[in-house]
Amino acid sequence: MKEIKELQAVTLMCDRLMANVGCDFVALAMQNEVGPDVRWHYASGNLNDKYKRITVRFGKGIAGKIISSGSPMLMKDFPKDVIGKVTDHPIMLAEKLVSTYAVPLFFNDVPKGVLLIGNRKTTLFSEEDQQQVSEAAQSLEQILKAQKL
């Protein structure tokens, strides 16, 4: 099995999304094949490689909450509008993100991944931006299914 970061189609899709939306950061997280933990596999616009070491529990952090709910999540002004502990959102802290929008990726109708865009300043992502993220997520689902990841 190839690593997600080695798939050129994933890299191109994320870079295109970052350019089209004009955001600082794009990342892709996937639930582990064994167990409920979720880990960030790919990032573009990252400040460092900390994302590679972040693993969150199912239902925790942005990625865990999106996979457990199967719903998109918009965060406008981190850490002001966070419910719970700031440390429950390690990707926000590691990348100094203030505003994010993230959507689930579905495999066999089950949420197993997350596509996240973010900015390091307060931003309100428009309906058009959110639609572009959803479309990119659907494309990434097809790319990853074709690779049998």
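Which residues of helix α2 (residues 61–69) are buried? In the predicted model described here, the buried residues of this helix are Gly61, Ile62, Ala63, Gly64, Ile66 and Ile67. Just after α2 comes Gly70, whose phi is positive, at about 70°.

The protein chain as a whole comprises 4 helices and 6 strands, which follow one another along the sequence in the pattern α-β-β-β-α-β-α-β-β-α. The radius of gyration of the chain is 14 Å, close to the 15 Å given by the globule rule for 149 residues, so the chain is as compact as a globular protein of that length. Taken along the principal axes, the box filled by the C-alpha atoms is roughly 40 × 35 × 30 Å. Of the 149 residues, 47% count as buried, and among the contacts with a separation of 6 or more, 57% are made by residues 24 or more positions apart in the chain.

The accessible surface of the protein chain amounts to about 7,600 Å², and carbon and sulfur atoms contribute 51% of that area. With regard to charge, the chain carries 19 positive and 17 negative side chains, and a distance of 6 Å separates the centres of the two sets.

Helix α4 covers residues 127–146, and the 20 residues of this helix should span 28 Å at 1.5 Å a residue; the C-alpha atoms at its ends are 29 Å apart, which agrees with that expectation. The buried residues of α4 are Asp129, Gln130, Gln132, Val133, Ala136, Ala137, Leu140, Glu141, Ile143 and Leu144, a list that includes the acidic residues Asp129 and Glu141. These buried residues pack against helix α1 (8–21) and against the strands β1 (25–31), β4 (73–75), β5 (99–107) and β6 (110–119).

Several features of the backbone lie in the loops. In general, most peptide bonds are trans, and most residues other than glycine have a negative phi. The peptide bond from Phe78 to Pro79, however, is cis, with an omega near 5°, and Pro79 itself is found in the loop that runs between β4 and α3 (90–95).

With a relative accessibility of 23%, Asn48 counts as partly exposed. When residues up to four places away in sequence are not counted, Asn48 touches Ala94 and Glu95. Asn48 and Asn108, by comparison, are separated by 60 residues in sequence and, from C-alpha to C-alpha, by 33 Å in space.

Definitions and conventions
Residues are numbered from 1 along each chain as its sequence is written. This is a predicted model: local features need pLDDT of at least 70, side-chain atom pairs count only at pLDDT 80 or more; totals for chains, interfaces and linings use all residues. Side-chain values use heavy atoms; hydrogens and water are left out. Helices (H or I, at least four residues) and strands (E, at least two) are DSSP runs, numbered from the N terminus. The radius of gyration is taken over C-alpha atoms; the globule rule is 2.2 Å times the number of residues to the power 0.38. Buried means under 20% relative accessible area, exposed over 50%, partly exposed in between (1.4 Å probe, protein chains only). Contact means heavy atoms within 4.5 Å. Accessible areas come from the Shrake-Rupley method with a 1.4 Å probe; for residues, only the protein chains shown count as cover. Lys and Arg count as positive and Asp and Glu as negative; His and the chain ends are not counted. The place of a charge is taken as NZ of Lys, CZ of Arg, CG of Asp or CD of Glu. The expected span of a helix is 1.5 Å times one less than its number of residues.
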